Amino acid sequence: MAIVHIPPQMQELTGGAAEVEAEGGNLRQLVAHLEAAFPGFRDRLTRGDSVAPGLAVSIDNVVTSRGLLAEIETDSVVHIIPAISGGS
Amino acid sequence: MRDFEYQAPSSIDEAVALLAEHGDRAKMLAGGTDIIVQLREGLRDAGLVVDVKKIPELMQIAWRDDGGLEFGASVPCHVIYKDEKIIDSYPALTDSAKIIGGWQIQGRASIGGNLCNSSPAADSIPSLIVEGAACRIAGPTGERTVPVHDFCTGPGTNCLTEGELLISLVLPPPAKSAGSRYMRFIPRNEMDIAVVGAGAWLRLDESGESVEEARLGLAAVAPTPLSADEAAAWLQGKPATEESFSEAGDMARKAASPISDMRGPADYRVHLVGVLVKRALTGAVGRARGGDRNPVIPVGINRC
Amino acid sequence: MGRKIHVSTTINGEDSEFLCEARQSLLEVLRTSLSLTGTKEGCNNGNCGACTVLMNGVPVDSCLVLAVETEGAEIETVESIAKEGHLHPLQECFLEGAALQCGICTPGFLVSAKALLDDNPDPGEKEIRFELSGNLCRCTGYDKIVRAVQAASERMKEAN
Amino acid sequence: MSDNFSNSQIIKDPGDNYKTLGTRPVRHDGVDKVTGRAIYGNDVQLQGLIEGAILRSPVAHARIKSIDTSAAEAFPGVLAVATSADFPDPKDKVADLGEGPVNLAHLSANCLARDKVFYKGQAIAAVAARDVHIAEEALSLIKVEYELLPVLTRVLDAMKEGSPLLHEDLRTNEMGKKADTPSNISDHLHFEQGDPDTAFENAHLVVEREFKTQTVHQGYIEPHVATAHWNQDGHLTVWASTQGAFSAREQTAETLALPVSKVKVIPCEIGGGFGGKIPIYLEPVAAVLSRKSGRPVKIQMTRDGVFEGTGPTPASFMRIKVGVDEAGKILAAEAWLAYETGAYPGGVIGPGCMCVFSCYDIENARVDGFDVCVNKPWTKAYRAPGSTHVAFAMESVVDEIAAKLEMDPIELRLLNAAKEGTKRVDGPVYPRIGLVETLEAARDHDHYKSPIEGPNRGRGMAAGFWFNIGLKSSVTAHVNNDGTVTLLEGSTDIGGTRTSIAMQLAETLGIGAEDINPKVADTDSVGYTDITGGSRVTFATGLAAIEAGKDIISQMKGRAAMLWECEEGEVGFADAVFSQDSNSITFAELCGKLSSTGGLITARASVDPQGFTNGFAVHICDIEVDPETGKVDILRYTALQDAGKAIHPSYVEGQMQGGSVQGIGWALNEEYLFDEDGRMLNPTMLDYRMPTALDVPMIDTVIIEVPNPSHPFGVRGVGEPPIVPPPPAIANAIKNATGVRMTELPMSPPRVFEAITKNGGAPS
């Protein structure tokens with residue numbers, strides 16, 4: 001089971017839990033699993049078939065650009081964070 | 001910017017005639033570093049631009065029989081500050097000429113143009129005031145002479161009437177054991193408009209220890225650059241020391257009536273008057289005692 | 001539409017004639033009428049030095065010169081700094097010293113620096129910084145530009 | 001050579017034995033840039049080219065009741081006039097356009113206002129004419145009727161209950177959840193870990209301070225410029241000065257509701273960006289003017305247009321609270337951050353929240369961040385967007401704690417420094433990073449060890465952080481029969497990246513950098529490549545070049561196998577020589593045999609690296625304060641950074657020096673000054689005071705090569721971290737020089753003098 005860290009502003013969805021376990025070979029399956037456990041989760045995290053604008057997902061401390069197709073290992077650690085804008 | 005006619009008269013009479021004919025639709029062009037910006041930004045409007053740089057008198061530098069200097073209103077700053085004799089005779093003037101904009105501005109901008117633009121913050125005007133300069137003005141009714149401290153009448157306005165033209169600036173012969181210095185305060189070290197500017201000129205007695213005569217000029221603290229006569233008069237006979245200079249600075253503050261704007265709050269400007277007058281006097285006395293008269297690179301503490 | 005004025009001048013050593021309106025700046029005419037686009041526009045206001053050219057040997061902001069004023073004048077632009085296919089020591093040192101990043105301010109710096117070294121072959125760091133203060137650079141922090149000018153001055157002294 | 005041209009020290013990684021990497025070749029585009037031949041956006045000349053100009057709002061907040069362009073259209077020499085009516089209705093679509101999600105309605109209205117203006121200087125209409133003077137005269141004939149609305153210019157005012165609203169429909173976004181009632185607060189972020197409240201109670205010392213910063217601009221010297229030609233066949237070509245040709249293509253296509261295939265963006269040389277040339281402003285306007293006039297149209301912004309009409313970086317209000325134990329270990333930290341996003345939502349509060357504590361290992365932390373709409377330009381990225389603000393606040397508080405504990409500020413930071421395994425307040429855990437090494441290098445540096453003497457002088461130091469994003473990059477490489485390689489890359493080159501990318505291909509192939517001929521290609525000529533930003537180009541586009549190099553090697557092994565009638569697998573490659581048993585042939589020699597063995601070779605690579613690393617900068621500065629004027633003089637400055645492998649050290653140093661001086665400008669004098677009606681008072685390079693050469697000393701650099709594990713050569717992004725430490729480093733130096741703690745940027749002479757005076761400081 002992958003460990004998903006829930007940011008405080010989303011913990012209302014998980015009944016206050018800051019960390020939940022979920023299954024899925026990729027992010028889409030993981031979200032489906034979370035949606036089943038915590039209705040409303042998909043609407044918050046995704047828009048259509050991609051991660052919602054302004055949000056980003058870090059899998060094992062690497063921010064993915066693969067959206068919902070990003071692969072997830074059984075022991076992966078997943079964080080939901082804000083998207084970063086560029087510069088330089 | 002709106003288009004305009006361009007004329008480059010080759011004589012004073014021709015220029016005066018053009019200016020008289022077109023009135024305030026005519027704008028004079030010397031170095032152009034103010035007027036072109038103002039036309040482009042729509043701050044001024046011109047039907048005719050009169051380029052006065054083809055008039056010989058406005059481009060000349062001439063030493064007079066009395067040892068004084070007369071230089072044309074359109075002589076660019078870099079010519080002024082590259083002239084060893086002018087540096088030696090009127091160091092406050094060359095201080096100013098060396099810091100008006102960057103080199104590219106100094107290659108075009110003239111002291112006369114800086115005066116005619118009549119900005120309260122003009123860097124050359126306090127120096128012209130303390131060097132005792134007078135303006136030679138030509139007009140439809142002939143020539144007249146006006147002391148620089150009476151030239152400006154308000155922000156961007158001066159005593160030139162319709163058809164009149166500034167020909168040259170006349171400086172008295174340099175006095176023995178005298179020195180002068182111009183300093184301005186700006187947040188950067190270059191390319192900036194004076195928050196406060198201060199020019200100081202003084203002459204020492206034989207002992208070289210006390211002030212026989214002094215003149216002080218200020219910029220950016222009133223609607224026009226001004227001469228701080230009370231403080232200057234007070235210095236007469238005083239020992240040429242830091243104490244006297246800082247007291248003179250305090251007195252000079254009374255002459256200041258600045259506004260608060262984006263370049264600095266009024267009370268800060270009043271404070272700076274004291275600081276700069278003290279520092280300018282200190283620089284002037286150093287030169288009166290034979291110190292280096294070359295323009296100082298305005299960087300580091302006490303350099304501005 | 002403004003009236004066109006005929007101007008004869010010398011640009012980079014060659015006689016040059018053009019027609020311009022009185023309101024057109026030297027910068028605009030160099031870039032549009034004469035296709036000398038090496039001279040850059042940064043502020044069109046005399047505050048950045050990107051448009052620096054030599055007018056009768058003196059550096060000026062070409063955005064603050066009316067083209068009509070150049071009648072009979074000699075103008076030199078960045079395009080004239082390299083001679084007979086050889087880079088000027090300043091150009092070499094700017095390249096070797098990585099004294100440019102985006103490069104938009106570089107023509108102005110090169111023209112000002114050339115005027116400086118022609119005027120004073122051995123300037124100190126303070127003089128270089130002072131005389132180049134009319135040229136803004138936002139990329140380099142000036143360090144490598146000042147060093148490139150110092151290195152060029154060394155090279156030119158060795159050559160002479 | 002480097003000795004003549006920099007005072008730089010490089011602390012190498014032990015495993016480093018590269019041939020080309022770490023050398024300092026002359027950049028490939030260099031000669032064109034010192035002779036004036038390089039073609040920048042405004043240098044584009046086309047048959048029939050006409051010029052455009054933009055009408056900007058004279059007021060900061062108003063409803064547009066009507067726009068009458070008839071007089072302008074009738075003006076002799078005018079060929080077209082455009083308003084937002086010429087744009088398709090953007091709806092409320094949100095698209096990811098290179099710098100994160102952008103609401104197309106906002107993007108479109110920021111190019112030409114629709115219904116309302118939200119800031120002074122917002123574009124309202126445009127004219128194309130025979131020349132720019134005619135276009136500008138025609139602008140003055142356009143009549144616009146405004147219904148004035150209340151103006152909000154301060155972030156805290158705009159956050160107040162019942163404050164007037166900029167956008168009636170704007171509801172605060174709380175990580176995906178929208179609030180029920182409208183507000184000027186577009187986003188609220190909240191991070192928390194551990195138990196800050198209890199930890200503060202147990203703290204030996206707690207310091208809490210408030211800080212303010214003002215709006216500042218990227219200040220690139222080249223104004224925005226765009227040229228567009230809308231061909232009769234429906235294809236749109238745009239010559240752009242942009243940090244991302246593909247991003248500009250997408251933004252332009254979306255704004256005009258065109259398929260991307262109909263839009264070709266040709267990236268010109270770009271005169272500086274620093275984040276400000278990621279968004280588009282002129283491209284779609286020039287496009288509609290071209291469509292209406294049938295002519296190619298060029299628009300260049302005026303300088304005041306650049307200041308008032310493009311995206312600066314936000315003003316901010318920040319509160320920071322840090323608690324430590326007796327030894328100086330940080331037990332708890334709390335941040336409350338409010339950034340002005342300007343006219344529209346979508347500012348840089350996200351990275352602000354992620355960067356505020358990013359230099360430290362803090363178990364108990366809480367961060368609240370707010371992005372707030374005000375009647376100022378729509379803020380955009382500026383070098384390490386959002387990070388400099390919070391570093392000014394946090395590094396000032398950390399410095400104050402060190403002083404109170406009588407600890408050396410570097411030792412205090414070393415005690416608390418983030419390292420591999422540190423969990424960030426926003427969640428993720430750091431991979432291998434180099435903050436500790438950089439702090440140690442600073443501590444051991446001659447500058448830090450040398451005494452600082454004299455009245456009113458002080459030394460300060462501070463650390464700074466920025467991410468290093470990956471994103472997508474593509475290159476195409478053509479092998480020539482003379483042993484050289486032509487490299488087409490999609491990344492626009494702002495500061496010498498052509499060369500740093502070419503050097504990585506050269507290293508891969510074992511040949512010299514001069515044997516690579518790198519070119520920045522247009523959107524029809526190379527694969528998709530994301531923006532030049534996020535300190536990503538040398539990292540990600542470099543990866544693409546390495547991949548293409550590997551492909552070239554394997555294809556050429558095949559050709560060698562043909563020559564030697566052996567299996568491809570038997571062919572080895574090292575130091576630019578292919579070999580098998582007794583056979584060997586150099587890379588160049590084999591290139592000469594390519595056409596006779598199946599033709600010349602092309603290789604290409606498109607990468608989307610998932611690696612995500614971080615850069616840290618530590619700066620030391622000595623200053624002197626003039627106590628009578630409040631003016632600060634920088635005496636000595638040293639910038640240290642964990643740059644990963646420095647591909648071309650001169651350009652790494654250049655990034656560090658340039659970023660430092662931008663940070664010095666931000667610290668000392670740069671700020672937008674507004675009147676009560678939201679009008680900018682200083683939209684010129686005279687009064688917006690960027691440092692001149694005379695305002696700064698030489699910037700010494702130390703590059704610490706802590707390799708990035710997610711890049712084969714260990715490259716890290718270096719562009720952004722250097723702008724972050726200067727404001728706090730200088731504030732800390734001012735404190736040590738005068739005893740005064742500055743809490744507002746810029747630390748301009750009047751502010752510093754006022755603070756000194758309040759402190760009973762210098763005699764006046």
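How many bridges join strand β22 of chain D to strand β23 of chain D, and do they run parallel or antiparallel? Five bridges, and the strands run antiparallel. β22 covers residues 473-479, and β23 covers residues 485-489. Within this pairing, D:V479 stands opposite D:V485 in β23(D).

Some ground rules. This is a predicted model, where local features need pLDDT of at least 70 and side-chain atom pairs count only at pLDDT 80 or more, while totals for chains, interfaces and linings use all residues. Residues are numbered from 1 along each chain as its sequence is written, and chains are lettered from A and ligands numbered from 1 in the order in which they are written. Helices (H or I, at least four residues) and strands (E, at least two) are DSSP runs, numbered from the N terminus. Two strands pair if DSSP finds at least two bridges between them.

Back to the sheet. Four strands of chain D form an open sheet, in the order β24-β23-β22-β28, with mixed pairing. Its edge strands are β24 (516-520) and β28 (602-607) of chain D, each pairing on one side only. On average, neighbouring strands of this sheet are turned by 15° against each other, direction ignored. Angles run from 0 to 180 degrees between N-to-C directions, and axes are lines fitted to C-alpha atoms, for helices over the stretch in contact.

Now the helices. Helix α16 of chain D, residues 497-509, lies across β22, β23 and β24 of chain D. α16 runs at about 140° to β24(D). Helix α17 of chain D, residues 537-564, packs on the sheet and touches β22, β23 and β28 of chain D. The direction of α17 makes about 145° with that of β28(D). Contact, here and below, means that C-beta atoms, placed from the backbone, lie within 7 Å.

Next, the domains of chain D. There is domain 1 (1-19 + 430-469 + 612-764), domain 2 (42-150 + 218-309) and domain 3 (470-607). The bounds come from an automatic or database domain assignment. The C-alpha centres of domain 1 and domain 3 of chain D lie 37 Å apart. Between them, 22 residues of domain 1 are in contact with 18 residues of domain 3. On the domain 1 side, the elements giving two or more residues are β21 (457-468) and α19 (649-668) of chain D. That side divides into eleven nonpolar, eight polar and three charged residues. As for classes, Ala, Val, Leu, Ile, Met, Phe, Trp, Tyr, Cys and Pro count as nonpolar, Asp, Glu, Lys and Arg as charged, and the others, Gly among them, as polar.

On to chain A. Chain A has two helices and seven strands, in the pattern β-β-α-α-β-β-β-β-β along the sequence. Its C-alpha trace spans about 40 × 25 × 25 Å along the principal axes. Of the contacts in chain A with a separation of 6 or more, 44% are between residues 24 or more positions apart.

What does chain A touch? In chain A, 26 residues are in contact with 45 residues of chain D. α2 (41-45), β5 (55-59), β6 (62-63) and β7 (77-82) of chain A each give two or more residues to this side. The largest share, three residues, comes from β7(A). By class, this side of chain A has 13 nonpolar, twelve polar and one charged residues.

Chain A and chain B do not touch, with nearest C-alpha atoms 25 Å apart. Chain A and chain C do not touch either, and there the figure is 11 Å. Four pairs of chains touch, and the most contacts are between chains C and D.

Conventions. Contact = placed C-beta atoms within 7 Å.
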